[in-house]
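Dear colleague,

Please find the structure below, together with its sequence. My notes on the sheet, the salt bridges and the surface follow it.

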Amino acid sequence: MRVLFWNINGIVHDEAHCKLRELVKDFKTDIIGIAEPRVSVSSRSIRKFSIQGFNNSIIHNSTSTRIGNLWVMWSLNVADPVVLNCSNQAITIGVNGVHISFVHASSDQVTRRTLWNQLDMGDQRVPWLVIGDFNCVLRNEEKKGGAVLRTSVVNEFSDWLDDNSLFEEESLGSKFTWSNRQSGVRRIISRLDRAVINEFI
């Protein structure tokens, strides 16, 4: 099963949607997690952003008062996923005996603690992939510029990984995946998108 995650920063742009279709085709993707689609899920948007060979449904974390920041789409080649938990920072699904969590974490450390609690497998021993934008880094070399990396942030992230027997998967592509695009000394570039898996896969 191939899983793709993209912080698309607005799916309404034609070039973004075309690129998504291209990635799905090139990587033969089965499940897609999209962060920051910036559009509400409706029958119209489902039709507009449909991908050939994919189900005509979208799992999302929208509410009656807020456009969601996470979508999950899946191929007709996999069983319909079951939503195991959903919040404004993550959606976890179960599909074919595997748990997959798509993350778009808060940039606020205190708010992120609710994510670490949500994404706690406890004693469950099931294959688990956690993929997305964690809005924090594990090492100094994952970041250039900006504020000094706080030890408490790194420790909380690292402890969550250890507590859930998760380890970081190697990534492809750019070493740095995000920039605040501001000029001057406040420019921050960091590697926030990552995939972590547990040892039971």
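Two strands are taken to pair if DSSP finds at least two bridges between them; strands (E, at least two residues) and helices (H or I, at least four residues) are DSSP runs, numbered from the N terminus. This is a predicted model, in which local features need pLDDT of at least 70 and side-chain atom pairs count only at pLDDT 80 or more, while totals for chains, interfaces and linings use all residues. Residues are numbered from 1 along each chain as its sequence is written, and side-chain values use heavy atoms, with hydrogens and water left out.

The sheet

On that basis, strand 2 (residues 31–35) and strand 4 (residues 70–74) are antiparallel partners joined by five bridges. They belong to an open sheet of four strands, whose order is 1-2-4-3 and whose pairing is mixed. The edges are taken by strand 1 (3–7) and strand 3 (59–60); each has a single partner strand, so one side of each is left without a neighbour in the sheet.

Strand 1 runs parallel to strand 2, and five bridges join the two.

How far are the faces of strand 2 covered? Ile 31, Gly 33 and Ala 35 on one side, and Ile 32 and Ile 34 on the other, are all buried, where buried means under 20% relative accessible area, exposed over 50%, and partly exposed in between (1.4 Å probe, protein chains only). Strand 4 likewise has five of its five residues buried: Leu 70, Val 72 and Trp 74 point one way, and Trp 71 and Met 73 the other.

Salt bridges

The structure holds three salt bridges, a salt bridge being a side-chain nitrogen of Lys or Arg within 4 Å of a carboxyl oxygen of Asp or Glu.

- Arg 113 and Glu 156 meet with an N to O distance of 2.8 Å. Since Arg 113 lies in helix 3 (residues 109–118) and Glu 156 in helix 4, the pair ties together parts that are 43 residues apart in sequence. Arg 113 is partly exposed, at 36% relative accessibility.
- Glu 22 and Lys 19 have their closest N and O atoms 3.1 Å apart. Both lie in helix 1 (residues 14–27), three residues apart, and are therefore separated by about one helical turn. Glu 22 is partly exposed at 39%, as is Lys 19 at 36%.
- Arg 38 and Glu 36 form a salt bridge at 3.2 Å, N to O. Arg 38 is exposed at 53% relative accessibility, whereas Glu 36 is partly exposed at 21%.

The surface

Asp 120, Asp 159, Asp 162 and Asp 163 form a negative surface patch. Patches are made of residues with over 30% relative accessible area and no salt bridge, with like charges joined within 9 Å and nonpolar side chains (Val, Leu, Ile, Met, Phe, Trp, Tyr) within 5 Å.

With kind regards

Technical notes:
Areas by Shrake-Rupley, 256 points an atom, 1.4 Å probe, with all protein chains shown as cover. Lys, Arg positive; Asp, Glu negative; His and termini not counted. Charge placed at Lys NZ, Arg CZ, Asp CG, Glu CD.
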